[in-house]
Amino acid sequence: MKVVNLKQAILQAWKERWSDYQWAINMKKFFPKGATWDILNLADALLEQAMIGPSPNPLILSYLKYAISSQMVSYSSVLTAISKFDDFSRDLCIQALLDIMDMFCDRLSCHGKAEECIGLCRALLSALHWLLRCTAASAERLREGLEVGAPAAGEKQLAMCLQRLEKTLSSTKNRALLHIAKLEEASLHTSQGLGQGGTRANQPTASWTAMEHSLLKLGEILANLSDPQLRSQAEQCGSLIRSIPTMLSVHSEQLHKTGFPTVHALVLLEGTMNLTGETQPLVEQLMMVKRMQHIPTPLFVLEIWKACFVGIIESPEGTEELKWTAFTFLKIPQVLVKLKKYSHGDRDFTEDVNCAFEFLLKLTPLLDKADQHCNCDCANFLLQECSKQGLLSEASVNNLMAKRALDREHAPQLKSGENANIQPNPGLILRAEPTVTNILKTMDADHSKSPEGLLGVLGHMLSGKSLDLLLAAAAATGKLKSFARKFINLNEFTTHGSEDNPKAASVRALLFDISFLMLCYVAQTYGSEVILSESRTGAEVPFFETWMQTCMPEEGKILNPDHPCFRPDSTKVESLVALLNNSSEMKLVQMKWHEACLSISAAILEILNAWENGVLAFESIQKITDNIKGKVCSLAVCAVAWLVAHVRMLGLDEREKSLQMIRQLAGPLCSENTLQFYNERVVIMSSILEHMCADVLQQTATQIKFPSTGVDTMPYWNLLPPKRPIKEVLTDIFAKVLEKGWVDSRSIHIFDTLLHMGGVYWFCNNLIKELLKETRKEHTLRAVELLYSVFCLDMPQVTLVLLGHILPGLLTDSSKWHSLMDPPGTALAKLAVWCALSSYSSHKGQASTRQKKRHREDIEDYISLFPLDDTQPSKLMRLLSSNEDDTNVLSSPRSSPGLRAPVSPWVSDRVRRAVPSALPPLRPAADRSMSSSLSASQLHTVNMRDPLNRVLANLFLLISSILGSRTAGPHTQFVQWFMEECVDCLEQGSRGSILQFMPFTTVSELVKVSAMSSPKVVLAITDLSLPQGRQVAAKAIAAL
């Protein structure tokens, strides 16, 4: 008999009663070549014939079971065929279909092409929807049967349906496939609509929304049933279905730890070095650490408060102490307000803050020490501030205050007489904050209308520690830039116009001097970035900004004393020299103070030359220096600024007179004929001059006594021990920090100085060497937490060095592989991932002020170092390729015309020559459907001119080549730890994370590693927002 079609063949087999294996042999004879059984819809045809009558045809069903067992038909085609059957009243047919599903529903697999694997996902979703509809129909029949007194009708079928549902959903692999199907379906609906694209139209895809409706309907029906076992089974299945969309977002929090050194160090770093920074970057960085380390919110908030109190206790008296007080009582409550927006979950954020305070109150010694240091109840001030910000309820505040008051009764009391008249800093800082707002309003007024009134306000700001308090409060609340801008405008106002009236002239001179000194003081205390305005084309740059950028000495800024900025109009210089030399005192009328400030450097040079040549005697020099500092202290500041630059250029025997002149200018003037607020202005001037001269005085081994204010004005200056190699200092300070378990403010400043001195590569490389020396697990984990916080001094550059230089060097040099063993290797993988995630999440933002100051001379050009195609010459040459002859470059369908995918991983020439067999070429893959290096980042059109993006892309290409090579070792294990940490740290749906740079082909290599062969891992490492990502994930999971 000549068989015309599949249906005829099945009918012939049934008529002649062939056995299942006979049927299979004959079918292959009838259809020897051509299309596969799935394309011929064999499963569909068999089920259609089997389900014609009221009960299923057992012989044809046996053919289907044989076809499934012998893999003649795919699981997806069987599931699709089953999901088309919708006559739920035919019990025997339904039971037969459930039995067929039972054969394979917990062990689905597919080893075909990616499209077939996506087909399996869709078919499973359709089958799940069918199961839910079938369960709902059975439950409805059971309910109707109970009403008429015949419950047995639907109970058996309902139990079978629930059993299959539970069996299907209990498999993580199945839930992962359903997760992909849901995303694929959503993508199809949005991009091209259902029913387009060939074979897709033939597969009925259940809508996720329709399935959720079926689930709701089932819940409503079962709610009326009395059987608790069936209800709980259904509820369990429902919760499993509802968990599918969020199956990656569940992370367990660390409950076995109470201390978190990273959070502690980050807060200390910010409080010590970046008070003026915006709160948002700090909030994001803290949240990143919280996510990466899975820290519970109460312990996270507690660690922030602990760090703040430690910062206050160890801060040196004076400006630093006020900075820490402002940071703790003004800035951190604002940070917590922003953290509140990130809080999710069952608990309310105010409960977590309350819980954190409960823990904090148990740390009685810490609070007692802070109270002693500040001479007040610090917790009380903090609770009030948190209450104002809505972080605590009134009842919680009262409860906590009562507990602390009870504890304080037993606290060691200070001598009452010693501190009776000292007002506590927290109270002063909290009062200073509204004062800052009032001063800003006052400064907005027209200066020409009431200059005397304005002078009175400024005079009060200079008295005692008022200026430090106001600046600290302004810095902590983000108003310092605005504050500085107002003073620049005031200073600029005084440079225009000159009065004939002596009183008005003296007011103008004082306004110029006070604004100039304040701006210098702000620049030195909080960084010159606070002063500089955003560049505006065509706008005139104010005098003070010009002077600060060209003439003011700063850390790491070397000035040229012969620069044109120090050589103004010669006639003005001559008149200024004559004025300083001949007058008994400076005349204020008609004086243009900004011109005098610009001319003073050249005038000082003339006077120095005259003194050195014997034209002027020392007494004349004294009179000149007294004239310089007699009325306005700004002239002395400008003179010393030039002298500092000048002394650097002189030989040892030529410096004496210049240094003597600095000494003369630094001392106060013992004269009654001075302008108002002279003593207050001299205090600020002395602090400015001390900062200016510090480096030069150290280099020339000179001592100059500046008028003392009773506190150390430069507490963190010159911390490095003399005559010791900086590498020794680095290893010593790291060992001490590791032993102690936390980083203090002094250590942070030492690390910062060493980073500045040695450069980023030296700093990072030596600290990584120290990490790799550790052999105890608890020490390596602590070292990672501390190193991450130390690297935050300049995280973007450290990350480039770590991922672009140090890791590739360790992974490609077989002589270094032993250092990557566990535990140091695990720790390094963790540190690398933390740094990569932090830098990638924040590298689009602004660099912080402390990072802007750092020189970049030790960072190579990353564009030439990491080329994107093999047309560019580079230091990193092509080593590995999935096919040596395949040089075609795959352009992404949605990428920009100029963006090309890298052909292969690169490692350095040196490594290629030294270790030719370290990483042999990848085996050519059978499925060449995509380039060996195509990654999600190229389809997202990421800017590959960005150094961090290039470094990440090349690191993942290297990882891909290691996984695909025939050589296994500690470096392979390191790659596994690295990927595990990536999965552990990332949240679901984090499109644009560092894993987008991983080539798609890496996934199939990665699942061969036993520890990584889990469906959740595959979902976590692929970008499921892309069709290619979903295909790769489906293929990898279906093959597990």
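1. Let's start inside a helix. Leaving out residues up to four places away in sequence, Ala829 touches Phe974, Trp977 and Phe978. Ala829 itself lies in helix H38. Is Ala829 buried or exposed? Its relative accessible area is 1%, so Ala829 is buried. Keep in mind as you read on that this is a predicted model.

2. Stay with Ala829 for a moment and look along the chain. Ala829 and Met979 are 150 residues apart in sequence, yet their C-alpha atoms are 8.4 Å apart in space. If you click on both in the viewer, you can follow how the chain brings them there.

3. Now zoom out to the whole chain. It has 47 helices and two strands. Of the 1040 residues in the chain, 56% are buried. Take the contacts with a separation of 6 or more: 79% of them join residues 24 or more positions apart. The Ala829 contacts with Phe974, Trp977 and Phe978 are a handy example to have in mind here.

4. In soluble globular proteins, nonpolar side chains tend to be buried together. Here the largest nonpolar core has 341 residues, and the ones with the most contacts inside it are Trp23, Trp547, Phe791 and Phe978. Which helix gives this core its largest share? That would be H7, with 16 residues.

5. What does Trp23 contact, once neighbours within four places in sequence are set aside? The list is Ala13, Trp18, Leu42, Leu46, Tyr63, Ala67 and Met72. Two of these names, Leu46 and Tyr63, come back in the next point, where Leu46 belongs to H3 and Tyr63 to H4.

6. The crossing of H3 past H4 is left-handed. On the H3 side, the contact is made by Ala43, Leu46, Leu47, Gln49 and Ala50, and on the H4 side by Ile60, Leu61, Tyr63 and Leu64. Sorted by class, that contact has eight nonpolar residues, one polar residue and no charged ones.

7. For a contrasting pair, go to H36 (residues 777-791) and H38 (residues 824-842). The axes of these two come within 9 Å and cross at roughly 25°, which makes H36 roughly parallel to H38. Their crossing is right-handed. From H36, the residues in contact are Thr780, Leu781, Val784, Glu785, Leu787, Tyr788 and Phe791; from H38, they are Pro824, Ala827, Lys830, Leu831, Trp834, Cys835 and Ser838. By class, this contact divides into 10 nonpolar, two polar and two charged residues. Phe791 is also on the list of residues with the most contacts in the largest core.

8. Cys110 sits in the loop between helix H6 (91-104) and helix H7 (114-148). At 13% relative accessibility, Cys110 counts as buried, because the cut-off for buried is under 20%. How many residues apart along the chain are Cys110 and Ala1038? They are 928 residues apart, while their C-alpha atoms are separated by 5.1 Å. Apart from residues up to four places away in sequence, Cys110 touches Glu116, Cys117, Leu120, Ala1038 and Ala1039.

9. Finally, a few backbone spots to check. Most residues other than glycine have a negative phi, and most peptide bonds are trans. Gln71, in the loop between H4 and helix H5 (75-83), has a positive phi, near 60°. With 63% relative accessibility, Gln71 counts as exposed. His294, in the loop between helix H13 (279-293) and helix H14 (297-314), also has a positive phi, near 50°. His294 is buried, though, with a relative accessible area of 12%. As for the peptide bond, the one from Asp822 to Pro823 is cis, with omega near 10°. Pro823 is in the loop between helix H37 (795-812) and H38.

Definitions and conventions:
Residues are numbered from 1 along each chain as its sequence is written. This is a predicted model: local features need pLDDT of at least 70, side-chain atom pairs count only at pLDDT 80 or more; totals for chains, interfaces and linings use all residues. Side-chain values use heavy atoms; hydrogens and water are left out. A crossing is left-handed if the near helix is turned anticlockwise from the far one by less than a right angle, and right-handed if clockwise. Helices (H or I, at least four residues) and strands (E, at least two) are DSSP runs, numbered from the N terminus. Contact means heavy atoms within 4.5 Å. Ala, Val, Leu, Ile, Met, Phe, Trp, Tyr, Cys and Pro count as nonpolar, Asp, Glu, Lys and Arg as charged, and the others, Gly among them, as polar. Buried means under 20% relative accessible area, exposed over 50%, partly exposed in between (1.4 Å probe, protein chains only). A nonpolar core is a set of buried Ala, Val, Leu, Ile, Met, Phe, Trp, Tyr and Cys residues joined through side-chain atoms within 4.5 Å. Axes are lines fitted to C-alpha atoms, for helices over the stretch in contact, and angles run from 0 to 180 degrees between N-to-C directions. Angles under 35 degrees count as roughly parallel, over 145 as roughly antiparallel, 65 to 115 as roughly perpendicular and the rest as oblique.
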